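The entries follow the order in which I looked things up.

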Amino acid sequence: VTKQPTMSPTVLPTKGPSEASPIATPQNSNYFFMERSFGSTCPSNALSVPKGECLDAAHLIGGDLNLPNWLNVISWKNLPCGCFLWHNTDGTILVDYNTETVTCGANAYTQMICKSP
């Protein structure tokens, strides 16, 4: 069950950490989740997950998450670029791949999927 944030958003943007720590994933997997709402692209010490690997990567490291068996391919500005989870307010989760490569943005409902080099 996904819990909603309890803090009110700030009026002005605040500077966040420069790099987030990956969340633990199954052994033998080079894929990992970034913390929710952190980043618009994978950090410099990681690789982006290609579209062809996105859905499988989400299921591999998603464990007991109730993920769909389809990939939502989008081209939206100001959302993370590449492979990510979208956490809906009703608790459902989508696996998304954003083809946008220039105007990437972090979002409170998103969680990047990256991989180790």
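**Disulfides and their surroundings**

I began with cysteine 54 and cysteine 83, which form a disulfide (a pair of cysteine sulfur atoms within 2.5 Å) with their sulfur atoms 2.0 Å apart. The pair links distant parts of the chain, 29 residues apart: cysteine 54 in helix α1 (residues 51-61) and cysteine 83 in strand β4 (residues 82-87). I took helices (H or I, at least four residues) and strands (E, at least two) as DSSP runs, numbered from the N terminus. The link of cysteine 54 and cysteine 83 is right-handed, with 85° about the S-S bond. I found both cysteine 54 and cysteine 83 buried, where buried means under 20% relative accessible area, exposed over 50% and partly exposed in between (1.4 Å probe, protein chains only).

I note the basis of these entries: the model is predicted, local features need pLDDT of at least 70, side-chain atom pairs count only at pLDDT 80 or more, and totals for chains, interfaces and linings use all residues. Residues are numbered from 1 along each chain as its sequence is written, and side-chain values use heavy atoms, with hydrogens and water left out.

How many disulfides does the rule give? I counted three disulfides.

Next I turned to cysteine 42 and cysteine 114, joined by a disulfide with an S to S distance of 2.1 Å. Cysteine 42 lies in the loop between β1 (31-33) and β2 (47-48) and cysteine 114 in strand β6 (residues 110-115), so this pair ties together parts that are 72 residues apart in sequence. The link is left-handed, with -100° about the S-S bond, and both cysteine 42 and cysteine 114 are buried.

I then examined cysteine 81 and cysteine 104, which form a disulfide with sulfur atoms 1.7 Å apart. Cysteine 81 lies in the loop between β3 (72-74) and β4, and cysteine 104 in the loop between β5 (93-98) and β6, so the pair ties together parts 23 residues apart in sequence. This link is left-handed at -95° about the S-S bond. In sequence order, the bonded cysteines of the protein pair as 1-6, 2-4, 3-5.

Last, I followed β4, in which six of six residues are buried. Six bridges join β4 to β5, and the two run antiparallel; strands pair if DSSP finds at least two bridges between them. Cysteine 83 stands opposite tyrosine 97 in β5. Three bridges join β4 to β6, also antiparallel, and phenylalanine 84 has methionine 112 of β6 as its bridge partner.
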